[in-house]
Amino acid sequence: MADTVDAELSKESEPDGDNNAINNVLPFVRPRSDRTAPEYDGNSVDDDELLQRAVSQIEAWKSGPNPPSLTSVQQLFHELICDGGSRMLRDKVVDDIIAAFGAELGGKRALAGTWTQIAKDVAAEHAQAAREGLDDERPLLTVEQKAVLRDALWPKVCELAQAPDLLERVVRQVQSMGVVNERELITLIYLAATSRVLNQPINPVVKGASSGGKSHTTKRTLELLPPEFVNYLTSSSALSLVYDDQPLANTVLFVQEANQLQADENSMFSMLLRSLISEGRIVHQTTVEDPDSRTGRRVERIVREGPIAVMITTTGELHAENETRMLSFRVSETQEQTRAVIEGLAARAAGTDEDAADLVIWHDFQRWIALGPTDAVIPFAPQIAAKIPPSMVRFRRDVGSLFNFIKASAILHQAQRQVDDKGRVVATLTDYRVAYSIFSKVLAETSGERVADNVRLVVDLIVQHAAQPATKPSDSRFARVAGTAASSEVVLSSEQIGTLTGIGKSAAHRAVRSAIDLGYLVNNEIKRGKPYRLVVRQHINDAAATLLPHPDTLSTEGGAP
């Protein structure tokens, strides 16, 4: 019956007839009261109970001298809808009203249409109230309230917070949870997660072949954070970040295997991520139904506040618009690492691995950090900046990530650092040493000054196989390129290179492409699907210097050198 009425309402809403009953539906103007749409929490009352309530109200109206006003009927509908009244209840209530008062209140279709319109308004108001109430779910604490909470947590976390080997404990803890080696990646992810409290968090993108351990290591490291600080995504609709009811500010968003970000840099999801990273917030404008508007719709502006630390794992390169906003790190794909992983799997299978970890202390530690202080200063930052060559435009972002990494280390070790008169943690050269070991590699690979391990393996393999005289250059259109002296074409497929180096077919393919792009190799094969015909163009220079000043060259005094 309900579906029939809905279908009739749909037909009769067409403006092509004089007998348009839906025009009898009056806009509902709800009087000010304690009963508003946002109070509806999804816990509906049974239809039978609601029907009894409606029947009692109708009987009260019948006992009065005059029929009820349309506003009174609308108010009854609104209350029943807020308590979860169904369309079946709607039809029964409408029938009872007509049985009591006939067509005085607009007839069956008009009353059913009134109910339907109010139900739409309630749903829209409830959704809007939920979005506007996001900030109320985690209200801002005063400085005094934060201090009280920090003092309460301190006895639980003081030993860990004051440990001289704090970062080493982080690494050992994650390794005990099934991660083999990956010291630098664990350090990067944990400090990037800690940087979520900063105004500009660190946003790493971790790259590597399938089964390389990038997602596993990242996820295990993030388990050291309380669940309320981490949002995990394996897939997502375009506007999920806009309409999600979970707070975003000062959290970590972990996007695993981000194939969508590789495929389309102009997708809505990619653009929202870029906005979160660059601007620290999302501002989304859309339209919603509004019967009081002249056009029937109104503009709604939804703001999701950050900042947020975005972490992505992927098998390939992201598009440039996404890539330049993130800190690129590649996991180890060497044979030694593969051997270590296999041995770790064997230990777990034999039952000789470590027992499951108790992470409560780690969660309390991060909660303590989140309560402040949440900013730091680097007195020696001008010295670092003065010694970094401005060789690439993207260094403008990468160096900013370097400084934020140093700040994150200082905030992590705040119980072992000084605080200035503005309440900011003062970073030390120890914090820079942590950053130096990771960022010297990251910046060198970004600029091409340092060669990735897999690229080095592939180039070394081709050098070893290039024992014959070089191919003589040709004057033809598809001229083969001659290599260095005492080198010749090496004919190998990606699969063969992957087997000989131990890195696998897909990793070998990416390494060959990188070696060609960097100018170390040339591929003389012009037909697709054929094995490479590789020539060594230049050898890898192992003497390439780091782009960052060594910590020992800096002064603790601060300021430019």
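Author: The chain has an accessible surface of about 28,600 Å², and carbon and sulfur atoms hold 50% of that. This is a predicted model. The chain counts 561 residues, and 44% of them are buried. Its secondary structure comprises 22 helices and 12 strands. Take the contacts in the chain with a separation of 6 or more: 74% of them join residues 24 or more positions apart.

Now to Glu182. This residue sits in a loop. Helix H8 (166-175) comes on one side of that loop and helix H9 (183-194) on the other. Glu182 has a relative accessible area of 10%, so it is buried, the cut-off being under 20%.

What does Glu182 touch, leaving out residues up to four places away in sequence? The partners are Gly212, Thr217, Val331, Ser332 and Gln337. Take Val331, one of these partners. Glu182 and Val331 lie 149 residues apart in sequence. In space, their C-alpha atoms are 7.6 Å apart.

Cys82 has 6% relative accessibility, so it counts as buried. As for disulfides, the count is 0. A disulfide here would need a pair of cysteine sulfur atoms within 2.5 Å.

Key. Residues are numbered from 1 along each chain as its sequence is written. This is a predicted model: local features need pLDDT of at least 70, side-chain atom pairs count only at pLDDT 80 or more; totals for chains, interfaces and linings use all residues. Side-chain values use heavy atoms; hydrogens and water are left out. Buried means under 20% relative accessible area, exposed over 50%, partly exposed in between (1.4 Å probe, protein chains only). Helices (H or I, at least four residues) and strands (E, at least two) are DSSP runs, numbered from the N terminus. Contact means heavy atoms within 4.5 Å. Accessible areas come from the Shrake-Rupley method with a 1.4 Å probe; for residues, only the protein chains shown count as cover.
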